[in-house]
Amino acid sequence: MPVSRHPHAPGDIVTPDRDITHAHFRPGDQVVILKGTSGSELWGDVYKVVTPSWHTPTDEDGWRLYDPAGGARTYITAHPRYLVHLSSRCPDCLIYQQALRTYLIPRLADADEDVDCGWYSVNRLNQVVHVADARGGQ
């Protein structure tokens, strides 16, 4: 099914206020960056946590991630608040997922295809940037 930008995709009010520390994740963890919906489920891009890496857009500790699908951006850097564990069912990540699900699914129930909410971009330094963290000249 194709992925589209829904004309009424809501802004992200959950992720910017997420209080998750760098130490929450470890090298080898399987994570996802949730980007939108697919029917009544959340979807996003899956990565493997590799090593600590400075996240320039937020001036905070981030994580270097490996994309198993490879391509031009096999390795990217992301802030911990963007990440959700796949390799463990930790309470913090489950609470965050539920908050996003409760917020997004009713607002995008009319979508006929997978929806990318457009909250994330990748800058020239191969760093994932959330719209709430974007600065001019990223």
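**Strand pairing and side-chain packing: worked exercises**

Strand E3 is joined by 7 bridges to strand E4 (residues 60-66), and the two run antiparallel. This is a predicted model, in which local features need pLDDT of at least 70 and side-chain atom pairs count only at pLDDT 80 or more, whereas totals for chains, interfaces and linings use all residues. Residues are numbered from 1 along each chain as its sequence is written, and side-chain values use heavy atoms, with hydrogens and water left out.

**Exercise 1.** Determine which element has the lowest mean pLDDT and which the highest.

*Solution.* Begin with the score itself, pLDDT, which is the predictor's confidence in each residue on a scale from 0 to 100. For the protein, the mean pLDDT is 89, and 92% of the residues reach 70 or more. Next, take the elements, which are DSSP runs numbered from the N terminus (helices, H or I, of at least four residues; strands, E, of at least two). The lowest mean, 56, belongs to strand E1 (residues 3-4), and the highest, 97, to strand E6 (residues 83-85). Where pLDDT is low, the predicted coordinates should not be read in detail.

**Exercise 2.** Find the aromatic pairs and state the geometry of each.

*Solution.* Rings of Phe, Tyr and Trp (its six-membered ring) pair if their centres lie within 6.5 Å, and planes under 30 degrees apart count as stacked, over 60 as edge-to-face and the rest as tilted. The count comes to 2 aromatic pairs. Tyr66 and Tyr75 form a tilted pair, at 5.3 Å centre to centre and with 45° between the planes; Tyr66 is partly exposed at 30% relative accessible area, as is Tyr75 at 38%. Tyr82 and Tyr120 form an edge-to-face pair, at 5.2 Å and 70°. This pair links distant parts of the chain, with Tyr82 in the loop between strand E5 (75-78) and E6, Tyr120 in strand E8 (residues 120-122), and 38 residues separating them. Both Tyr82 and Tyr120 are buried.

**Exercise 3.** Is Gln97 buried or exposed, and which residues does Gln97 contact?

*Solution.* Gln97 lies in helix H1 (residues 91-107). With a relative accessible area of 16%, Gln97 counts as buried. Contact means heavy atoms within 4.5 Å; leaving aside neighbours within four places in sequence, Gln97 is in contact with Leu34, Leu42, Val84 and His85.

How values were computed:
Pairing = 2+ DSSP bridges. Buried < 20%, exposed > 50% of the residue type's maximum accessible area, 1.4 Å probe, protein only.
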